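Have the model open in a viewer as you read.

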Amino acid sequence: MSLLKLQHIETGYDKKQVLFDVSLDIQQGKIVLLVGSNGSGKSTLFKTVYGLLDVWNGTVEFDNQTLHTSTKKTQTSKLIDKGIMYIPQKNELYEDMSVLENLKMSLLHLNNKQESTQRINEVLEQMPVLKDKRNQTADRLSGGERKLLSLGMVIVNKPKILLYDEPLAGLSSKNIDIVLQWLQILKENGTTLVLIEHRIKELINFADKIIGLKLGTLTTENLNDLETIKRFLV
Ligand SMILES: Nc1ncnc2c1ncn2[C@@H]1O[C@H](COP(=O)(O)OP(=O)(O)OP(=O)(O)O)[C@@H](O)[C@H]1O
Ligand SMILES: [Mg+2]
């Protein structure tokens with residue numbers, strides 16, 4: 001079943017066009033890896049789906065409902081209600097709140113306190129470094145710890161689809177393993193994952209499909225193996 005569908009998307013910043021006629025159909029429960037060189041438009045594609053950029057032309061649909069067109073834009077809060085979540089390349093946290101408070105903030109919409117506590121504890125058990133620092137404010141976390149917290153804040157929400165921009169960038173091998181384990185758990189729980197990543201080796205076997213962007217255009221090439229992907233990226 002098609003979950004996220006982009007048709008003929010054109011967009012950019014001010015007058016600079018970044019995406020050109022991008023059409024994409026992501027099936028429910030699948031893991032899609034989006035690759036492309038720096039500046040090819042990968043993050044722009046995520047921002048478009050999440051309604052942070054205006055669509056110039058084309059449509060974005062989720063679960064057979066139109067989210068964005070050139071005349072309609074769905075608000076972020078509505079997207080979250082629908083189960084769409086996005087982790088940006090640069091993590092945004094509540095800087096002066098503790099790790100625990102950040103996790104609680106991301107579950108404000110959930111009225112069941114017991115359920116909320118249980119979900120947060122589950123995450124903290126699997127991320128001991130965050131558990132140890134649960135009372136420390138976010139502005140005192142390391143880059144890697146911030147990334148784990150951003151992921152934790154999404155996991156507790158049990159999203160239908162997660163757009164994850166560079167999940168592995170800047171992480172130690174220990175934290176890469178933690179993130180990969182969580183991606184596996186999300187996959188088993190049926191979350192559709194769209195991942196942008198330069199560390200392709202770590203994800204090539206995990207992904208069901210690899211798609212490539214070059215200068216804002218999706219490739220029709222079959223990116224099934226590392227050699228082909230490397231050639232595509234030069
Ligand atoms: N806020 C912005 N204002 C103007 N131009 C932007 C903005 N953000 C990105 N761009 C431009 O849009 C193009 C695509 O950028 P984007 O961030 O989507 O690339 P990317 O594929 O995610 O690259 P990377 O792998 O380096 O993260 C680039 O030319 C970039 O300079
Ligand atoms: Mg990017």
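## Loops, ligand and core

Asp-14 is found in the loop between strand E1 (2–13) and E2. Strands (E, at least two residues) and helices (H or I, at least four) are DSSP runs, numbered from the N terminus. Before going on, a word on the ground rules: this is a predicted model, in which local features need pLDDT of at least 70 and side-chain atom pairs count only at pLDDT 80 or more, while totals for chains, interfaces and linings use all residues. Residues are numbered from 1 along each chain as its sequence is written, and chains are lettered from A and ligands numbered from 1 in the order in which they are written.

Back to Asp-14. Its phi is near 50°, a positive value in a residue other than glycine. Most residues other than glycine have a negative phi.

Glu-166 is not a glycine either, yet has a positive phi of about 55°. Look for Glu-166 in the loop between strand E7 (161–165) and H7.

| Residue | Other C-beta atoms within 10 Å | Class |
|---|---|---|
| Glu-166 | 19 | partly exposed |
| Val-32 | 20 | buried |
| Lys-147 | 22 | buried |
| Ser-70 | 13 | partly exposed |

### Around ligand 1

Which residues are around ligand 1? They are Tyr-13, Lys-16, Val-18, Gly-36, Asn-38, Gly-39, Ser-40, Gly-41, Lys-42, Ser-43, Thr-44 and Gln-89. To make that list, a residue needs its C-beta atom, placed from the backbone, within 6 Å of the molecule. By class, the shell has two nonpolar, eight polar and two charged residues. In this scheme Ala, Val, Leu, Ile, Met, Phe, Trp, Tyr, Cys and Pro are nonpolar, Asp, Glu, Lys and Arg are charged, and the others, Gly among them, are polar.

Strand E2 (16–27) and helix H1 (42–49) each supply at least two residues of the shell, and the largest share, three residues, comes from H1. H1 itself is mostly covered, with seven of its eight residues buried. Those are Lys-42, Ser-43, Thr-44, Leu-45, Phe-46, Thr-48 and Val-49. After H1 comes Gly-51, with a positive phi near 75°.

### The nonpolar core

A nonpolar core here is a set of buried Ala, Val, Leu, Ile, Met, Phe, Trp, Tyr and Cys residues joined through C-beta atoms within 7 Å. The largest one has 58 residues, and the members that touch the most others are Val-32, Leu-34, Leu-162, Leu-163, Leu-193 and Val-194. Helix H6 (residues 143–155) gives the most to this core, with six residues.

Val-32 sits in strand E3 (residues 31–35). Not counting residues up to four places away in sequence, Val-32 touches Ile-26, Val-194, Ala-207, Asp-208, Lys-209 and Ile-211. Contact means that two C-beta atoms, placed from the backbone, lie within 7 Å.

### H6 against H7

How do these two helices sit? H6 and helix H7 (residues 173–188) pack at an angle of about 10°, with their axes 11 Å apart. That makes H6 roughly parallel to H7, a label for angles under 35 degrees. The axes are lines fitted to C-alpha atoms over the stretch in contact, and angles run from 0 to 180 degrees between N-to-C directions. Gly-144, Leu-148, Leu-151 and Ile-155 in H6 meet Asn-175, Ile-178, Val-179 and Trp-182 in H7. This contact divides into six nonpolar, two polar and no charged residues.

Lys-147 is also in H6. Leaving out residues up to four places away in sequence, Lys-147 touches Asn-91, Gly-170 and Leu-171.

### One more loop

Ser-70 lies in the loop between strand E5 (65–68) and helix H2 (76–82). Beyond its neighbours within four places in sequence, Ser-70 is in contact with Val-55, Trp-56 and Asn-57. Ser-70 and Glu-202 are 132 residues apart in sequence and 37 Å apart in space, C-alpha to C-alpha.

Conventions: Buried ≥ 20, exposed ≤ 12 C-beta atoms within 10 Å, placed from the backbone. Parallel < 35°, antiparallel > 145°, perpendicular 65-115°, else oblique.
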